[in-house]
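Hi,

Here is the structure I promised to pass on. Please have a look at it first, and then read on for what I found.

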Amino acid sequence: MDLIIEQASSFAADIDMVILLIAVLAGFWFFLAEAVLFYFIFKFRQRKGVKAQYITGTRKEEKKWLHWPHNLIIVCDLVIIFFAIKVWYDIKQDLPPAQEVVQVIGRQWSWQFVHPGLDKQLGTADDVATVDELRVKVGVTYHFKLESRDVLHSFSVPVFRLKQDAVPGRVFTGWFTPTKTGTYDIQCAEMCGMGHGLMQGRLVIEDEAAHDEWLRNKAT
Amino acid sequence: MTEQNFWQKYIFSTDHKIIGMQYMFTGMIMALIGGYFAYTFRMQLAFPGTEVFGFGTVSPHEYNSLVTNHGTIMIFWVAMPVLLATFGNFLIPLMIGCDDMVFPRLNRLSYQVFLLSAIVLVASFFVAGGGFGGAWTAYPPLSAQAKYNMTQYGATLWLIAVALEFVAFLLGGINFITTLMNSRAKGMKMYDIPIVLWMIVLASILFMASVGPLIAGAIMLLFDQTLGTGFFDPAQGGDPILWQHLFWFFGHPEVYVVLLPAMGIVAEIITVFSRKKLFAYKTVLYTAFATGVLSFFVWAHHQFIAGIDPRMANVFAVTTLLISIPIAEMLFVYIATLYGGSIRLTAAMLFALSFLAAFLIGGVTGIFLGASGADIYFHDTYFVVAHFHYTFFPIAILAVFAGLYYWFPKMFGRHMSETLGKIHFWGTFIPFNLIFLPLFFLGAAGQHRRIYSYELFSELNSADFQNLRVLATVALIVMLIFQLPFLYNFFASMLRGKVATANPWQANTLEWAAPSPPPHGNFATLPEVYRPPYEYSVPGRESDFWPQHEKPSGESKA
Amino acid sequence: MSTMPIATTRSMTGIPTGRLAVWWVIGSEIVIFGGLLACYLLLRNLYPHWGESAAHTSTLAGAINTFVLLTSSLFVVLAHHAAERKRHIAAFFYLWLTIGGGLTFLLIKAFEWSYEIAQGYTITANLFWSYYYTAAGIHASHVIVGMIIMAIISFDVLRQRNLPRVELIGIYWHFVDIVWIFLFPLLYIAK
């Protein structure tokens, strides 16, 4: 996964691990089933003088060909469920303490971000509000407060592997910890009307010094 | 009976076969519209901003409307009418050995309501503001208020069309279920019913049991749109998530509503063309039951990140992965059926086998999305788009073509050309994979859905990705072109094809006991049933098939 | 067209086809109303202050209507009873008494609603009232449909045709009645 899209949050690698795990387990069954299917199609193609066999599939030794894959798939499913839920729990249910909080507001059709100022507190006079640009410090654990002013939006940051719908009338709190500096895309991943495709934001991950510099420039 | 004029015979007919064909032709026309929409928005994605041949430049507003209605049409006006209504209407009375549906006039009404719904939907493209563009899921508040979606009339007409379509299928479903329950030929016991009929009727029951809450929801959404109530408007105290629950409580079983008939069609075809008894008939039934029941407990996997309680996601991740088990088992049964067979690769069989091969991809990629942790990333990306096209395309296109090639001789009394059929098959199956395999990759790279141009997104705007988009679009155009041989084959064979005998494929089920095409009333004498439907290559018998209605020679009926 | 297909006369399950179909109709209706009630429970759970709005509904009118509907259900049972004994005039008479019950129900409803609307409790007043009018409206539309079908059947009965259909419309009418018995406490009593 990290070959086609960078990992820039603390949990991106965990999600990629689950994806890889499923790819291996499901991929095994997929290739096995396809191989058997094509082998049968080839092996049992119509030939002169060869009559098809009469197999009811109700005898025990025939049914075991269903039961064994069946049981093994249950095992694979359980493994996948375990890891999927573990990752889900870490990202969506568990909320590590925040070092800073940002506010994310979706509206037709732009993102508004409210950053805490140099005092690192949201809701004070030196907050910095921007449109379509989110600036965060690398290595700092953020909580985001996600809101919508009109319809459903979805705050999606592919490099973080993070996605959360914004619902008008509610505030969702989630978290992320950027691990890599750079400039990345923010998307809206829930159909929100005519300008849905225009609802693009920039995520700038920078080190603390650069971030403070930017805050100071904004303040003046 | 007096001679019927054209109108009585073809337009206001109560004959189940004619009604089935009415559904089929309406479905075909809608499929052409849906295909045209797909062509238009794929062109926009491959060559953003340029003029699309046959449409013009695509505005973001039009783009949304195109994708929304492509999805709506393909599911509600193509997959359902063709899989459920065409095959259900045509096959149920024939395969259970009786002369018609139990309520022929109700049947006609069902088609008329369906036709009305199609007309309303098509009309919605031409009203002021254009067609509805809030995605086929129609999440409020976007869908509820004209100030957000900017399609005041389009949204309302879309909703009315969908609701009418539901009514049509409720009426049809009641007919299907009652007919299968009550009107089977003498001797046809539960386990003598061909799988395809089980599947169609189970699908009708699933539909009936899941659509109710959405009908109630549609009325509430309609009032939100037109009267200004606030069921789904948070500003007035409503709850937008409620709609999502109502929608997906229906929406997920709906997948199985179309999947099961497709599975049934494939079961008929692979048994006939491999001359094999279906492997473990009862297992297929049990897995279908299990799928149907489980499908009511998985809906919220569409809403993992929609703002539902995150603890709920864990429950639904478990149920969603569990549903992979019966589906996998059903596919194994089909593959096992091929073992030891004598496989004839006719056009129908090719489509049926390709269904299995392609649906497997759709099935395994679903696991990525059902696993809540991975879904955080994949949700609403092209990975989802590719995934459900790998389920719906085999269902609504491959299985349907398989069924059409297989039952065409029965429907029209003539054969379709096998050569053209095979050209059509390869021209459909190969481009299909070339359309959607790239989309898996684009989705994994973070490309999200329903975006009319990716030029704004730096990560997605690379030349390599754009080449993949062009590849998918070109493959789509190739695939659409290869439907021309099919259309020619279909209509030319109807008039000039090789005349078919009553049972050209040497199949066992009862529809082949009737003449091709069956006259009004179907059978000269109504058949009786003496054995299960898949007695092929029975040891000790000269011929490799044993029709259900053939009287046992010598000994009396067991 | 008038010839009935053989399919309709078969009865593999032992249940007459018409009755079987009516049960399936009711099955699908139960899910529709089930969805409606589920919405009620969800929304009511979210907004406990619904009770205040519900206090403005007229429990008396609701109670009278419950009584009217129950009485009409009795009449439809009597109609079925008469139809079974081929007393078609009596069946016709009882069917119209049932229709009369439905009409009374709708009249009371009309007075009730016009009074409430005059007080400002329109469908957009708040979520409770939206639900109140929507749910009761969907139910009322079922009452109207039932009355129309019943009227059609009654004239068939008068000509001594299709007598078993009296039972079918009876089953449907009972169902509509039961839906009201669910709606009545939710909309009128739970305050």
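Before anything else, please keep in mind that this is a predicted model.

I began with how the chains meet. Chain A and chain C do not touch, and their nearest C-alpha atoms lie 13 Å apart. Two pairs of chains do touch, and the pair with the most contacts is A and B.

The contact between those two takes 77 residues from chain A and 80 residues from chain B. On the chain A side, helix 1 (12-43), helix 2 (60-93), strand 6 (153-157), strand 7 (162-166) and strand 9 (182-188) each supply at least two residues. Helix 2 of chain A has the largest share of that side, with 18 residues. By class, the chain A side that touches chain B splits into 46 nonpolar, 18 polar and 13 charged residues.

Chain B also meets chain C, in a contact that takes 40 residues from chain B and 34 residues from chain C. Here helix 6 (152-182), helix 7 (195-226) and helix 8 (240-274) of chain B each supply at least two residues of the chain B side. Helix 7 of chain B gives the most to this side, ten residues. The chain B side that touches chain C is made up of 23 nonpolar, 13 polar and four charged residues.

One more point, on chain A itself. Chain A is divided into domain 1 (12-93) and domain 2 (100-219). Taken over C-alpha atoms, the centres of these two domains of chain A are 41 Å apart.

Best wishes

Definitions and conventions:
Residues are numbered from 1 along each chain as its sequence is written. Chains are lettered from A and ligands numbered from 1 in the order in which they are written. This is a predicted model: local features need pLDDT of at least 70, side-chain atom pairs count only at pLDDT 80 or more; totals for chains, interfaces and linings use all residues. Domain bounds come from an automatic or database domain assignment. Two residues are in contact if their C-beta atoms, placed from the backbone, lie within 7 Å. Helices (H or I, at least four residues) and strands (E, at least two) are DSSP runs, numbered from the N terminus. Ala, Val, Leu, Ile, Met, Phe, Trp, Tyr, Cys and Pro count as nonpolar, Asp, Glu, Lys and Arg as charged, and the others, Gly among them, as polar.
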